[in-house]
Amino acid sequence: MKSIEARIDSFIRTGEGDFNRLACESFQHQCRGNPAYGYYAATVYERWEAIKRWEEIPALPIVAFKKSAVSTFSVSEARKIFHSSGTTSAARSSHYFKSTNLYELSIIQGWPSRPSNRVRILAHSHTPEEAPDSSLIHMFQTLIDHFGDPQSDFVESHADLAELLAFSQKEGCPVWLLGTALALHRFLNHCETRKISFGFESHLLAMETGGFKGLAEAIPLPHFYRRLRGTLGISMFSVLSEYGMCELSSQFYTRPGAEVRAFHAPPWVRWRIVHPLSGAPVPEAEKGVLEIFDLANVDSAIAIRTEDVAHAAEGGFVLDGRIRTAPQKGCSLTT
């Protein structure tokens, strides 16, 4: 019989298989090999071995990734370790990977665009050498490796990014611009003060993530999107948002052009909104705490209770902020 990892790999690639069965088997594999998850599961279900439905799997509170090693193997065997963003004084989550194969596969299979040819990918962020423990930057590198043309690269300088965008526009090649909302906000400021603008129309796809954590004043997203579209010369159908975190192996995306900024899951992920105290699913459209069930988290915890408040809408979920006791979190903190 194939290993649980091999069967999840096949499910992500083809969509063929039984999500419920894979989820329950993965959960039991994790409880047996992962003391942190096994102990927590036993406090929720005395006989966690009897769980037969993914909806019954207890979601591990995300703070566990800060308090202990959530791993089915010895962390000394980890080939990759991702840490959550945060200040130097704040505790940071750690996510250990024996292999990044499933993680990278989920990035590629979950990316919402399928170009017929290589595209120019410009990641406005630190480089992998500068931030080797960033899951977001690893994601950018994976997209560059799989979809990028030879000129694709990480670009830290606002001036260099403006120059590369101008060159790419002149060439007429398709471009994906990736970055945190905060990094792109600062790039827009750079362009506006220098009266720089572009006219990419449908030739550029912009992806933002992470919000505006770290700024003294919040920036309304509709205003940010209008500035992004105006400076780059693109339509609302060329902008998408990503939701992900260090503790997960898969990502969620909005649908370009949608009026409601709802995040949608890939086929190997499930989610639900629950009451923060009872853990029971809340009625449709009511706010609650977001729980995520990610098959690609094969060697950590398949089910995670986040610290994000959300509600269901348009077949996905809309973020409504953080629970009141949760610290700030997001890749924009390190931009």
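Arg-261 counts as partly exposed, with 28% relative accessibility, while Glu-208 is buried at 1%. (Buried means under 20% relative accessible area, exposed over 50%, and partly exposed in between, using a 1.4 Å probe and protein chains only.) This is a predicted model, where local features need pLDDT of at least 70, side-chain atom pairs count only at pLDDT 80 or more, and totals for chains, interfaces and linings use all residues. Residues are numbered from 1 along each chain as its sequence is written, and side-chain values use heavy atoms, leaving out hydrogens and water.

The side chains of Arg-261 and Glu-208 meet in a salt bridge (3.3 Å, N to O); the term means a side-chain nitrogen of Lys or Arg within 4 Å of a carboxyl oxygen of Asp or Glu. Arg-261 lies in the loop between strand 9 and strand 10 (269-274) and Glu-208 in strand 7, so the pair ties together parts 53 residues apart in sequence. Helices (H or I, at least four residues) and strands (E, at least two) are DSSP runs, numbered from the N terminus.

## Another salt bridge

Arg-120 and Asp-149 also form a salt bridge, with their closest N and O atoms 2.8 Å apart. Both of these residues are buried.

Let's look at the strands next. Six strands make an open sheet with mixed pairing, in the order 5-4-6-7-8-9; two strands pair if DSSP finds at least two bridges between them. Strand 7 (residues 204-209) runs parallel to strand 8 (residues 239-243), and four bridges join them. Within this pairing, Glu-208 stands opposite Ser-241 in strand 8.
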